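Hi,

Here is the structure I said I'd pass on.

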Amino acid sequence: MKVFHKQMKQINQKLMKGNYELLTGRCELHLYKTNDFKLHKDIISPFQALQELAKKEINADLQIISSFRSYERQKHIWNMKVSGKREIFDDNEHPIDITVLQPKEIIQKIMRFSALPGASRHHWGTDIDIYDANECKKSDVKLTHNECIKGGVFEKLHCWIDEKISLNQLGGFYRPYAQDLGGVALEKWHISYAPISSLYFNQYDINLLKKSLLVDEILLRESILDNLEFLFKQYIQNISQTTT
Ligand SMILES: [Zn+2]
């Protein structure tokens with residue numbers, strides 16, 4: 001317990017100093033980097049423990065498909081989608097023709113599956129997208145809902161995670177997008193290390209996002225700023241509880 005308090009204190013101190021940069025994806029000082037991924041230093045051992053548990057209990061090879069993502073990377077994805085250079089899909093995985101939509105509608109369609117630059121939980125290094133490498137090659141993973149449900153390639157992994165979460169035995173990890181709450185779509189593959197990400201979540205407020213949008217130009221910025229309160233509530237704050 002003492003160690004836990006000490007860790008929390010250290011994390012809080014880190015937050016006090018540079019939370020704007022860290023929370024909006026403009027800082028990598030808190031990350032541990034390998035050739036394959038960048039993760040928050042303090043989730044390396046919890047994640048390794050989770051990998052071992054998955055191996056032992058269901059013989060899964062739990063691997064990361066997406067970890068830390070920088071502000072610049074998220075901005076690139078955002079601008080590609082708004083400009084029509086990268087496809088935007090609806091809930092049934094059909095491409096959407098955004099040329100017939102109003103700016104606010106385009107923003108909402110994108111935010112269902114992709115975060116605003118400066119507002120992705122992947123900026124924090126505490127959130128990862130995972131798969132079972134025993135079932136599928138990394139290059140074949142699509143990260144779709146169908147992969148995670150009955151008959152899907154990752155059915156076994158996600159049934160196990162469901163059970164572990166219900167027993168509160170996932171080693172501090174949970175799914176922030178466990179349910180469709182009308183904001184970000186259900187993303188079973190996205191897990192988050194709650195002891196740190198909930199601290200970051202509590203620190204992340206609308207002013208921080210506003211600052212991020214004001215200091216850098218991204219496509220549809222004006223319309224985003226006009227609707228910021230709604231977007232912030234619907235797509236950033238509106239997440240599942242750590243117990244779901
Ligand atoms: Zn994700």
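Predicted model: local features only at pLDDT ≥ 70, side-chain atom pairs only at ≥ 80, totals over all residues.

Let's begin with helix 10, which covers residues 228–237. One of its partners is helix 4, residues 103–111. The two axes sit 11 Å apart and the packing angle is about 20°, which makes helix 4 roughly parallel to helix 10, given that anything under 35 degrees counts that way. The crossing of this pair is right-handed. On the helix 4 side, the contact comes from K104, I107, Q108 and M111, and they meet F230, L231 and Y235 of helix 10. Sorted by class, that gives five nonpolar residues, one polar and one charged.

Helix 10 also packs with helix 8 (residues 206–215), here at an angle of about 115° and with the axes 11 Å apart. This crossing is right-handed too. If you want to pick out the side chains, helix 8 brings I206, L209, K210 and L213, while helix 10 brings L228, E229, F232 and I236. The class count for this contact is six nonpolar and two charged residues, with no polar ones.

Now for the charged residues. Is D127 buried or exposed? Its relative accessibility is 0%, so D127 counts as buried. You'll find D127 in strand 4, which runs over residues 127–132. Two polar contacts involve its side chain: one of 2.7 Å to the side chain of R121, and one of 2.9 Å to the side chain of S192. Leaving out neighbours within four places in sequence, D127 has quite a list of contacts: S66, S67, R121, H122, P176, H190, I191, S192 and S197.

Which side chain does the side chain of K164 make a polar contact with? That would be E57, at 3.0 Å. Setting aside residues up to four places away in sequence, K164 touches L53, E57, Q169 and L170.

That's it from me for now.

Cheers

Conventions: Residues numbered from 1 in each chain as written. Heavy atoms only, no water. Axes fitted to C-alpha atoms, helices over the stretch in contact; angles between N-to-C directions. Helix = DSSP H or I, 4+ residues; strand = E, 2+ residues; numbered from the N terminus. Parallel < 35°, antiparallel > 145°, perpendicular 65-115°, else oblique. Left-handed = near helix turned anticlockwise from the far one by under 90°. Contact = heavy atoms within 4.5 Å. Nonpolar A, V, L, I, M, F, W, Y, C, P; charged D, E, K, R; others polar. Polar contact = N/O pair within 3.5 Å; in protein donor to acceptor, adjacent residues only side chain to side chain. Buried < 20%, exposed > 50% of the residue type's maximum accessible area, 1.4 Å probe, protein only.
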